[in-house]
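Colleague: Could you take me through one part of this model up close? I would like to hear about the charged pairs and what they link.

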Amino acid sequence: MSGGVDAAGEARGIRLLIADDEHLIRGALIALLNLEPDVEVVAHADNGVAAVEQAIAARPDVCLLDLEMPEADGIEAAARILAAVSTRVIIVTRHARPGVLRRALASKVSGFVPKSTPAEELAHVIRDVAAGRRYIDPEIAAAALTAERCPLTDRELDALRHSRGTMSVQQIADRLHLAQGTVRNYLSAAMTKLDAASRHEAAEKAWQQGWI
């Protein structure tokens, strides 16, 4: 996937999509990575849903996605993109919570790097991933190895994920297409497992671990 050949038979650069909701960071990444002779930023977005739409439209070789984005986080966006486009995804994060790497790998993400990574080093990671290799930042990998295993079921995680905002239990039930009582049961089970006094506390604990 690295480079590739255009219609005239000439080698072309790596086509890159960048998604980050922080305007200054996104702009800096676009400017710096476009300076690389073999990298071309062909699309960019400021939220996860827009990143999916741009990826489907632009068909980039590599997608560089911020982990924390509105609408859909980087891992959710990665899963949707990889289900629709033949591309590779690198997640960039400021806070590498322990369980996040496991979520990323389960979503077939190819790279995971901190936001402190210099642009020149990031360009090398992009080249490696475009060539079919995987890159995980060593410190993030070490933290993931010692992380606590998630005791929650997928449905309990779904219920907690929606509990981080202001949605009511009924709204969560509507979003998950479940009965309100079923959602309450999932939330109650999660609270018990995490020794939390409320669904919001349980959601925060799960988020801190990187499970949601």
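**Salt bridges up close**

Modeller: Happy to! Let's start with Glu 36 and Arg 127, whose side chains form a salt bridge with an N to O distance of 2.7 Å. Glu 36 sits in the loop between helix 1 (23-33) and strand 2, while Arg 127 belongs to helix 5 (residues 119-130), so this pair ties together parts that are 91 residues apart in sequence. Do keep in mind that this is a predicted model.

Asp 66 has a relative accessibility of 4%, so it counts as buried.

Now set that beside Arg 133 and Asp 128, which form a salt bridge with their closest N and O atoms 3.0 Å apart. Here Arg 133 counts as partly exposed because its relative accessibility is 47%, and Asp 128, at 27%, is partly exposed too. Back at Lys 115 and Asp 66, salt bridges with shared partners bring these two into one network with Asp 20 and Glu 22.

As for the general idea behind such pairs, side chains of opposite charge can pair when their charged atoms come close.

Note on methods
Residues are numbered from 1 along each chain as its sequence is written. This is a predicted model: local features need pLDDT of at least 70, side-chain atom pairs count only at pLDDT 80 or more; totals for chains, interfaces and linings use all residues. Side-chain values use heavy atoms; hydrogens and water are left out. A salt bridge is a side-chain nitrogen of Lys or Arg within 4 Å of a carboxyl oxygen of Asp or Glu. Helices (H or I, at least four residues) and strands (E, at least two) are DSSP runs, numbered from the N terminus. Buried means under 20% relative accessible area, exposed over 50%, partly exposed in between (1.4 Å probe, protein chains only).
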